[in-house]
Amino acid sequence: MTENTEDPAADIAWMRRLAEEGRDAPLLNGPILVAAALVFGVANLGQWAIMTGLIDVDPMAQLWLWLAAGAVFAIALFVLIPRASRKPGSGSHGNKAVAAAWSGIGFGIFVMWLSLMAIGFKSGDWTMMWAMPSIVATAYGSAWIGSGAATGQRWMTVTGLIAYAGAILFGFLIGETALYLAFAALMVATALVPGLVLMRREPADAA
């Protein structure tokens, strides 16, 4: 007769410890947020410079500016996502939930941009592109609030509320070139600074 050596109490304690470690695992999307802030923050400054005449180029240069920004960010993702997957804690529930939220938000922003581009090419009226800053800010707000709910970190919820406030502000600034300066500032507040905070908490790369 084989002796049963299982200990249900020990199993429960082990599972509880795993859950607590997963909950407390540092988030690993900081470098991606920093990359987004730098790439799209610079793109916003470029957009502002073109629209104010500070840089004298063909108006279609605005399209190439954003296409270039998207390409650079795609390259950054290609490098940063595999790097994050090698860090301790990458498989935690918190990291998986936050990664899924931000991935969905990112694809949503991209699809909305393509939709507004299609409207512009179809109608010749590009005024609807003024709505993109509000759309992006709203998406960031939702992603941060979702991240806060998944991790229990209140500062993420506050960051999400700041992004929502920015979306409303951008509505008031629509049609004004200052909109793109405000958008760049919001990228600093809701992507660059939070991203740097998360990077400081990251574990070292796995050997």
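A residue is called buried when its relative accessible area is under 20%, exposed when it is over 50%, and partly exposed in between, computed with a 1.4 Å probe on protein chains only. The structure is a predicted model, in which local features need pLDDT of at least 70 and side-chain atom pairs count only at pLDDT 80 or more, while totals for chains, interfaces and linings use all residues. Residues are numbered from 1 along each chain as its sequence is written, and side-chain values use heavy atoms, with hydrogens and water left out.

**Aromatic pairs**

Rings of Phe, Tyr and Trp (for Trp, the six-membered ring) pair if their centres lie within 6.5 Å, and the planes count as stacked under 30 degrees apart, as edge-to-face over 60 and as tilted otherwise.

| Pair | Centre to centre | Angle between planes | Class |
|---|---|---|---|
| Trp102 and Trp144 | 5.3 Å | 80° | edge-to-face |
| Trp130 and Tyr180 | 5.7 Å | 45° | tilted |

Because Trp102 lies in helix α4 (residues 93-123) and Trp144 in helix α5 (residues 132-151), their pair ties together parts that are 42 residues apart in sequence; helices are DSSP runs of H or I with at least four residues, numbered from the N terminus. Both Trp102 and Trp144 are buried, and together with Tyr140 and Trp155 they form one aromatic cluster. Trp130 lies in the loop between α4 and α5 and Tyr180 in helix α7 (residues 178-201), so this pair ties together parts that are 50 residues apart in sequence. Trp130 and Tyr180 are likewise both buried.

**The contact of α4 with α5**

The axes of these two helices, which are lines fitted to C-alpha atoms over the stretch in contact, with angles from 0 to 180 degrees between N-to-C directions, come within 9 Å and cross at roughly 170°. That makes α4 roughly antiparallel to α5, a class that covers angles over 145 degrees. With contact taken as heavy atoms within 4.5 Å, the α4 residues involved include Trp102, Ile105 and Ile109, and those of α5 include Met132, Tyr140 and Trp144. The residues of this contact divide into 16 nonpolar, three polar and no charged.

**The nonpolar core**

A nonpolar core is a set of buried Ala, Val, Leu, Ile, Met, Phe, Trp, Tyr and Cys residues joined through side-chain atoms within 4.5 Å. The largest such core holds 41 residues, of which Phe40, Trp102, Met132, Tyr140 and Phe170 touch the most other members. Helix α7 gives the most to this core, with eight residues.

Key. Helices (H or I, at least four residues) and strands (E, at least two) are DSSP runs, numbered from the N terminus. Angles under 35 degrees count as roughly parallel, over 145 as roughly antiparallel, 65 to 115 as roughly perpendicular and the rest as oblique. Ala, Val, Leu, Ile, Met, Phe, Trp, Tyr, Cys and Pro count as nonpolar, Asp, Glu, Lys and Arg as charged, and the others, Gly among them, as polar.
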